[in-house]
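Here is a short briefing for a reader meeting this structure for the first time. Please keep the sequence and the model in view as you go through the points.

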Amino acid sequence: MNKDKLKPMLFSTLKHYNLKQFGTDVISGVIVAIIALPLSIALALASGVGPTEGIFTAIVAGFIISFLGGSRVQIAGPTAAFATIVAGIIAKNGMDGMIIATVIAGAILILMGLFRMGSLIKFIPYTITTGFTSGIAVTIVIGQLKDFFGLTYPAGTVTIETIDKLKALAFNFGTFNPYAFLVGAISLAILIVWPKISEKIPGSLIAVIAGVLIVKFSGMKVNTIGDLYTISSSLPTLHIPAISFGAIKAALPDGFTIAVLAAIESLLSCVVADSMINSHHRSNMELIAQGCGNIGSALFGGIPATGAIARTAANIKNGGRTPVAGMVHSLVLVLVLVVLIPYATLIPMPTIAAILFIVAYNMCQWRTFVHLCKTAPKSDVLVLTITFVLTVIFDLVLAIEVGMLLAMLLFLKRMSEESGVVGWKYYDPDEDPDGMNLKPLPPQVRVYEIYGPMFFGSSSQIDTMNFRDVTKVIIIRMRGVPALDATAMHSLENFYDRCHDNGIQLVFSHVNEQPMNTMQKDGFVEKVGADNFRPHIDDAIEWAKGLI
């Protein structure tokens, strides 16, 4: 099977579909919907929108991405990675700004898929993805401490940035509500302990039921979703935002960030799923599906979505093996929205906070973070730490930009340190018996060996080559040069001009394919003379002797 072709996986799986698999997909879809319901509500609240927006996202984006996606088992919906980004966009540009940014992100994702850029995601360093994922987890925890402790803030309190949230927590901790903390602690304990009792029923559902019952029948004064938000059981409807050039320009950076994060998250989820079912996803088709899903979600009242690893894993464990399971999960959520959503108003806010604590813990990758800090090169640890800190203190946009820039600069520095120019030693065979294995050269011939990639970061090494008054021929051995860029080519041309002005002939030995192509396009081979490019150092030395 060609894993890169632009064909939805649904159409491929239906060729051999049967009633038994349909039954399994339906059961898995129902179970995943039960898991997705409290998560979608919790993640929507963490994103600064209402609970119905989270359910709309799971319904619209979940269905579209399963229908068009390049994975057999991917389940899409709102994820923790987008929570702080969406909250920041809405606080800054409002709901319309978020819709425009998400539509832009969807268009970028579609273009990435059409231009076969699915494989380019691998060029984003692991340290950056780990850094911002851990940073997002920390910001989610900080953002939920208010509801977990039952704090109340005065009107006008600014809590957009993480630092603002920490300041508000410190100044208002005197409003601590012990009842809210008790409900949150019980919910958190259930979420931790329940998976050890049963994996059939999700712990989040049990925690929600327990939280509702405790608050309902104990009379505790604890905020519920209904106290803070208005929940409607109406189905998603199309909403076109007010579009202007200024709005699009303002939303572009956010759209780019959403697109990159959606691509990374969805393709990582696909890779994890592939390893669980021994399959191969179609990365480019998945990107197109993610783009369509995000556009649909934004225009029908939702927020950004991507592949959710936890829900995808739950789908696999319950027997889902085709995109039908993901589509069933969305349809079940439609039923829940119409029939059961009024009961969601009873869910206590501390229970939502506890669910998000577990989500943050599962995504934080603290073991990976610590392992990298202990074992990775210092430059990688620097990228990891800076990306993490910038994500927590500022935002993900700045973290990715600075992280990528720093990673590239450090990579270039590392590559330049792996490149160099070494001149062969001169020796007298009669006086130096230890040089018996060295190649004898006439005094008029000098040999330089270049190694490593020659690019703008290392091209200055070429300037270190020199010659003596007796030098007539310089051999440049390039067997260790895999690549040559325009800057290094310019340095070689300057060296050739220096040699030409001093009556010195250049001879090249073992030039690899890419450097040779660059030299030919530049006209350098013709300038030096094709005969002066020799396949082996011995051949080059003999040729040089003939030129003296």
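**Strands, rings and cores**

Ser-509 stands opposite Arg-534 in strand β7. The model is a predicted one. The points below begin with the strands, go on to the aromatic rings, and end with the nonpolar cores.

**Strands around β6**

- Strand β6 covers residues 505–509. Of its 5 residues, 4 are buried, so the strand counts as mostly covered.
- Strand β7 (residues 533–534) runs parallel to β6, and 2 bridges join them.
- Strand β5 (residues 473–480) also runs parallel to β6. Here 5 bridges make the link.
- Within that pairing, Val-473 stands opposite Gln-505 in β6.
- Together, β5, α18 and β6 make a β-α-β unit, and the unit is right-handed.

**Charges over rings**

- Arg-534 lies over the face of Trp-543. The distance to the ring centre is 4.2 Å.
- Lys-146 lies over the face of Tyr-153. The distance to that ring centre is 5.3 Å.

**Aromatic pairs**

- How many aromatic pairs does the count come to? Ring centres within 6.5 Å make a pair, and by this rule the count comes to 15.
- One of the pairs is Phe-369 with Phe-388. Their centres are 5.2 Å apart, with 65° between the planes, and the pair is edge-to-face.
- Phe-369 belongs to helix α15 (residues 366–375), and Phe-388 belongs to helix α16 (residues 378–393). The pair therefore ties together parts that are 19 residues apart in sequence.
- Phe-369 counts as buried because its relative accessibility is 16%, under the 20% limit. Phe-388 is partly exposed, with a relative accessible area of 21%.
- Tyr-496 and Phe-524 are also an edge-to-face pair, because their planes are at 80° and over 60 degrees counts as edge-to-face. Their ring centres lie 6.0 Å apart.
- This pair links distant parts of the chain, 28 residues apart. Tyr-496 is in helix α18 (residues 486–501), while Phe-524 is in helix α20 (residues 524–528).
- Is Tyr-496 buried or exposed? Tyr-496 is buried, with a relative accessible area of 12%. Phe-524 is buried too, with a relative accessible area of 0%.
- Ring pairs also build a cluster. The cluster holds Phe-148, Phe-149, Phe-173, Phe-176, Phe-181 and Phe-357.

**Nonpolar cores**

- The largest nonpolar core has 95 residues. Ile-41, Phe-132, Ile-140, Ile-225, Ile-347 and Ile-352 touch the most other members.
- Which helix gives the most to this core? Helix α4 (residues 83–114) does, with 13 residues.
- Another core, of 27 residues, lies apart from the largest one. Among its residues are Ile-476, Ala-488, Leu-492 and Met-516.
- Ile-140 has contacts beyond its neighbours within four places in sequence. These are Ala-80, Ala-83, Leu-356, Ala-360 and Met-363.

**Ala-81**

- Ala-81 has its place in the loop between β1 (76–77) and α4.
- With 2% relative accessibility, Ala-81 counts as buried.
- Ala-81 and Phe-132 are 51 residues apart in sequence. In space they are 8.8 Å apart, C-alpha to C-alpha.
- Neighbours within four places in sequence aside, Ala-81 is in contact with Ile-136, Leu-261, Glu-265 and Met-363.

How values were computed. Residues are numbered from 1 along each chain as its sequence is written. This is a predicted model: local features need pLDDT of at least 70, side-chain atom pairs count only at pLDDT 80 or more; totals for chains, interfaces and linings use all residues. Side-chain values use heavy atoms; hydrogens and water are left out. Rings of Phe, Tyr and Trp (its six-membered ring) pair if their centres lie within 6.5 Å; planes under 30 degrees apart count as stacked, over 60 as edge-to-face and the rest as tilted. Buried means under 20% relative accessible area, exposed over 50%, partly exposed in between (1.4 Å probe, protein chains only). A charge sits over a ring if NZ of Lys or CZ of Arg is within 6 Å of the ring centre and within 35 degrees of the ring normal. Two strands pair if DSSP finds at least two bridges between them. A crossover is right-handed if, with the strands pointing away from the viewer, the path from the first strand over the helix to the second runs clockwise. A nonpolar core is a set of buried Ala, Val, Leu, Ile, Met, Phe, Trp, Tyr and Cys residues joined through side-chain atoms within 4.5 Å. Contact means heavy atoms within 4.5 Å.
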